[in-house]
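Me: Got a model here that I'd like to talk through. Can you take a few questions?

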Amino acid sequence: MITLVTILHVVVCVFLILVILLQAGKGGGMGGAFGGAGAQTVFGGRGAQTLLGKITSVSAGIFMLTSLTLAYQASRSGSEIERTAPVPAPFPAPGAPDAGAPAPGAPAAPAPGLPRSPSAPAPAAPAPAAPQAPAK
C-alpha cells in the first residue's frame, strides 16, 4: 500500500512540475497591480480557468492527498531503528548484589596510574613464591 502511494506521489510530482512549466506567463505579473497599464483590479483581470489550469489544480490536490497519506503512514510506523534495537537487560532488583561491584566494606582500589592518598591502605602484595630446591 505504502509503495503504491509513494509511486503515485512521485509520478504526480513530476507531472505537476511539467504542467506548471507548460503554462504561459500572465505578462505583467505584480507590476500591473502597482500602476501598470490595465490595472483595474488588484491582480489584473482573469478569465475562465484554462484546461492546463484545471489539470494543475487537480494534480495539486492529488499531490496534497498523497503527501498527507505518506506523512500519516510514517507517523504510525516506528522507525527502523526502534524496531530492530536490542532489548536492554533488566535492572537488578533493589538490594540484590551487583556482580561487578566490590563487596560491601572492601576498600575501593585506586585507578591505575593515579597516586594513592596517604590515608588509604596499601594494596595487598602477592605472597612471595617459596624457593625451590635446585634440580640435580
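Me: Which backbone oxygen lies 3.0 Å from a polar atom of the side chain of T66?
Reply: That's the backbone oxygen of F63. Bear in mind this is a predicted model, where local features need pLDDT of at least 70 and side-chain atom pairs count only at pLDDT 80 or more, while totals for chains, interfaces and linings use all residues. Residues are numbered from 1 along each chain as its sequence is written, and side-chain values use heavy atoms, with hydrogens and water left out.

Me: Is T66 buried or exposed?
Reply: T66 is buried, as its relative accessible area is 5% (buried is under 20%, exposed over 50%, partly exposed in between, with a 1.4 Å probe and protein chains only).

Me: And what does T66 touch?
Reply: Leaving out residues up to four places away in sequence, T66 touches V5, L8 and H9 (contact means heavy atoms within 4.5 Å).

Me: Where is T66, then?
Reply: In helix α2 (a helix is a DSSP run of H or I, at least four residues, numbered from the N terminus). The buried residues of α2 are T66 plus G53, T56, S59 and L70, and their cover includes α1.

Me: Switching to L8: which helix is that in?
Reply: L8 sits in α1, residues 2-22.

Me: How exposed is L8?
Reply: L8 is partly exposed, because its relative accessible area is 42%.

Methods. Helices (H or I, at least four residues) and strands (E, at least two) are DSSP runs, numbered from the N terminus. A polar contact is a pair of N or O atoms within 3.5 Å; within protein, one must be able to donate a hydrogen and the other to accept it, and residues adjacent in sequence count only if both atoms are side-chain atoms.
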